[in-house]
Amino acid sequence: MYVKTTIFHEDLEEEIYMKQLEGFVVKGKKELVCKLKKSLYGLKQSPRMWYQKFDTFTTGLGFTRCKADHCVYFKLIGVHVICLVLYVDDMLLVRNDKEIIQDLKTQLSSKFDMQDLGAENYILGMEIKRDWEKRKLWLNQRKYVETILQRFNMQDSKSVKVPILIDVKLSVEQCPKTQEEEEDMSRVPYASAVGSLMYAMVCTRLDIAHVVGVLSRFMSELGKEHWITVKRVFRYLRGTSDYGLCYQGRLGFYRVLDIRGFVDAD
Amino acid sequence: MFNLFGGAVSWMSKKQSVVALSTTKVEYMASTHASKEEVWLQRLCSSTWLVQGAIRIDCDSQSAIFLAKNPAYHSKTKHIDVQYHFVRDMTEEPCT
């Protein structure tokens, strides 16, 4: 579900004043300002107002807000569970019963201007694929990866198998020595490239977590080697753009989880 | 990295923030970071309808594991900063 006009038009709690708009100044009353009655886009208070309104509404419906993560709500109805995950104006509803959710959707739509996108196939740029029978779910960012490859003109590059070679040692020593080199490097979109990689890393691509971590240490002092490494990551992504995460359920005690952590340092 | 039924749910790669004097200390610090994440995951699960017991963290250094399990005082580990002993507290009383 997607909420269309969320941020705007919420009622304000604070008193906020605005300069009179150019061309809309009341004649003879130039020194006056406008007092805002509703929130406007770009106002610091607007996202908060939206969240508060949503929060009161959902708790009114019997939802409980998760203490550890305030954008997760859940509700128990007998053996049925509805889970509501909110991301600014994007919403995911998870359930184990189809009918309950229909009620909720009608209730939500009556309060907010909403768009029901059906079974979600995309969320925050991640593609969701499902296999109901095998109880499996995949998340991948193929589309996002292809977009960033195109943005940095790497869509026709030759793919490589590993994101970073083991003998590559990056350090600040490799920063440009001459004026010419420095100029060369200043033309490279290093920060935005690493930023694009980072988004992929945070969402589904944990395989590039290490190299992104290494690359982001050289934001200000970057040399040729650093840029080559960035390009190598892009080439790696080019060959593995459909890699993603796979989640699966377990039959039987679905409420009992079994999370396990692994740590390593080197 | 945290796995749930074989699917990764949380991960992080981080540059070591301090110079460690021993590999034990490095692994020990890494497990401290992991236990911080564990606390959050545990809270997330327990505040919903899901059931999750103590989260098991696997570490590939025997000495770091012993250090976390045994709160005894060692003359060789007294240089480890108090904040990294957080993992010990977590091992003693699996997260509240």
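Mentor: Let's start with burial: a residue is buried if 20 or more other C-beta atoms lie within 10 Å of its own, exposed if 12 or fewer, and partly exposed in between, with C-beta atoms placed from the backbone. This is a predicted model, in which local features need pLDDT of at least 70 and side-chain atom pairs count only at pLDDT 80 or more, while totals for chains, interfaces and linings use all residues. Residues are numbered from 1 along each chain as its sequence is written, and chains are lettered from A and ligands numbered from 1 in the order in which they are written.

Trainee: Thanks! What percentage of the residues in chain A is buried?

Mentor: Chain A has 266 residues. By the cut-off above, the buried share is 18%.

Trainee: What radius of gyration does chain A have?

Mentor: The radius is taken over C-alpha atoms, and the globule rule is 2.2 Å times the number of residues to the power 0.38. For a compact globule of 266 residues that would be near 18 Å, but chain A has 25 Å.

Trainee: Is Asn153(A) buried or exposed?

Mentor: Asn153(A) is not a glycine, yet its phi is positive, about 55°. Its place is the loop between helix 3 (142-151) and helix 4 (179-186) of chain A; helices are DSSP runs of H or I with at least four residues, strands are runs of E with at least two, and both are numbered from the N terminus. Within 10 Å there are 9 other C-beta atoms, so Asn153(A) is exposed.

Trainee: Which strands stand at the edges of the open sheet in chain A?

Mentor: Strands pair if DSSP finds at least two bridges between them. The antiparallel sheet has 4 strands in the order 9-10-11-12. One side of each edge strand is left without a neighbour in the sheet, because each has a single partner strand: these are strand 9 (122-123) and strand 12 (244-248).

Trainee: Which residue is the bridge partner of Ile123(A)?

Mentor: Strand 9 and strand 10 of chain A pair in the antiparallel sense over 2 bridges. In strand 10, the partner of Ile123(A) is Met126(A).

Trainee: At what angle do helix 5 and helix 7 of chain A pack?

Mentor: Axes are lines fitted to C-alpha atoms over the stretch in contact, and angles run from 0 to 180 degrees between N-to-C directions. For helix 5 (residues 190-203) and helix 7 (residues 224-239) of chain A, the axes are 11 Å apart and the angle is about 35°.
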